[in-house]
Amino acid sequence: MKKIAYKIALVTAVAGVFTMTSCKDDPKPTPEVVQEEYDAARIQFIELNSDGSETTDTTTVNFSKEGVPSPAHNHLHAGEKYRTLISLFYKGNLINSEITADGKEHQFFFIPSLAGGVTNYVYNDVDVDGRGIGLDGTMTIGTGEFDLKVVLRHGLDKSKPEAQAWNSAAYQAAGGSDDLNVEFEVHAE
């Protein structure tokens, strides 16, 4: 009888130890911020007529995953408006829908190295709060030769002043991180 009582006591003690150790709070893993992964990008500049309709004059810049532009410099017409379409690809598949699905988390910025290189940009696509995304827009080209930096910011606070302008050089102060950061040369003639 003592052996049975001893075995019951031992089993109860071991079960108690397992119960006590399994009740501890395990440290929660830090959630990873999901960012869109791309391995190629394309920006198309479709020249617009004065009535806003599209012409057949299109300039396309392709980018590798490393951000290398092809061609490295591009010729656009000074003073003209262009519909600007950006496409991101992963393994040959277009992933723009991932950007628009989380539109509140994404915004493109267009930062020319020369004041007046780009005189205006209008976001044609907006998130649920009516704030710009930038996969589709209308850009007005100024004059001169300049580098155009195109940044897709992920996880930013679009209500911050630094996110209000399409050409904000201080976009990083709105928070988040870059999903895309590419640059290429423009000759506006």
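**Buried rings, a nonpolar core and salt bridges**

Lys104 has a relative accessibility of 45%, so the residue counts as partly exposed (buried is under 20% relative accessible area, exposed over 50%, partly exposed in between, with a 1.4 Å probe on protein chains only). The model is predicted: local features need pLDDT of at least 70 and side-chain atom pairs pLDDT 80 or more, while totals for chains, interfaces and linings use all residues. Residues are numbered from 1 along each chain as its sequence is written, and side-chain values use heavy atoms, leaving out hydrogens and water.

The mean pLDDT of the protein chain is 87 (the predictor's confidence in each residue, from 0 to 100). A value of 70 or more is reached by 81% of the residues. Residues 17–26 stay under 50 in pLDDT. For this stretch, the model has zero contacts beyond four places in sequence (contact means heavy atoms within 4.5 Å). Residues 29–34 are also below 50. Beyond near neighbours in sequence, residues 29–34 have two contacts in the model.

Lys104 pairs with Asp129. Their side chains meet in a salt bridge, 3.2 Å from N to O (a side-chain nitrogen of Lys or Arg within 4 Å of a carboxyl oxygen of Asp or Glu). This pair links distant parts of the chain, 25 residues apart. Asp129 sits in the loop between β8 and β9, and Lys104 in the loop between α2 (96–101) and β7 (DSSP runs numbered from the N terminus: helices, H or I, at least four residues; strands, E, at least two). Asp129 has a relative accessible area of 44%, so this residue is partly exposed.

The structure has five salt bridges by this rule. Arg83 forms one of them with Glu54, with the closest N and O atoms 2.7 Å apart. Arg83 lies in strand β5 and Glu54 in strand β2, so this pair ties together parts that are 29 residues apart in sequence. Arg83 is partly exposed, because its relative accessibility is 26%. Glu54 is partly exposed too, with a relative accessible area of 40%. Arg83 also meets Asp136 in a salt bridge of 2.7 Å, N to O. Asp136 is in strand β9, so the contact with Arg83 in strand β5 ties together parts that are 53 residues apart in sequence. At a relative accessible area of 17%, Asp136 is buried.

The structure holds eight aromatic pairs (rings of Phe, Tyr and Trp, its six-membered ring, with centres within 6.5 Å; planes under 30 degrees apart are stacked, over 60 edge-to-face, the rest tilted). Phe45 and Tyr82 form an edge-to-face pair, 6.4 Å centre to centre, with 85 degrees between the planes. Phe45 belongs to strand β1 (residues 40–48) and Tyr82 to strand β5 (residues 81–90), so the pair ties together parts that are 37 residues apart in sequence. Both Phe45 and Tyr82 are buried. Phe109 and Tyr171 form a stacked pair, with centres 5.4 Å apart and 25 degrees between the planes. Phe109 is in strand β7 (residues 106–112) and Tyr171 in the loop between β10 (144–154) and β11 (177–188), so parts 62 residues apart in sequence are tied together. Phe109 and Tyr171 are both buried. One aromatic cluster is formed by Phe108, Phe110, Tyr121, Tyr123 and Trp166.

The largest nonpolar core has 31 residues (buried Ala, Val, Leu, Ile, Met, Phe, Trp, Tyr and Cys joined through side-chain atoms within 4.5 Å). Phe45, Phe110, Leu148, Val150 and Phe184 have the most contacts inside this core. At least two core residues each come from β1, β2 (54–64), β5, β7, β8 (118–123), β9 (136–141), β10 and β11. The largest share, five residues, comes from β11. Apart from this core lies another, of seven residues, among them Phe109, Leu156, Tyr171 and Ala174. Beyond four places in sequence, the contacts of Leu148 include Phe45, Phe110, Met139 and Phe184.

Strand β11 also takes part in strand pairing (DSSP finds at least two bridges). Eleven bridges join β10 to β11, and these strands run antiparallel. His154 has Ser177, in β11, as its bridge partner. Strand β4 (residues 73–76) runs parallel to β11, joined by four bridges. Here Leu76 has Ala188 in β11 as its bridge partner.

Thr59 is found in strand β2. Its relative accessibility is 14%, so Thr59 counts as buried. Leaving aside neighbours within four places in sequence, Thr59 is in contact with Ile43, Gln44, Phe45, Asn74, His75 and Leu76.
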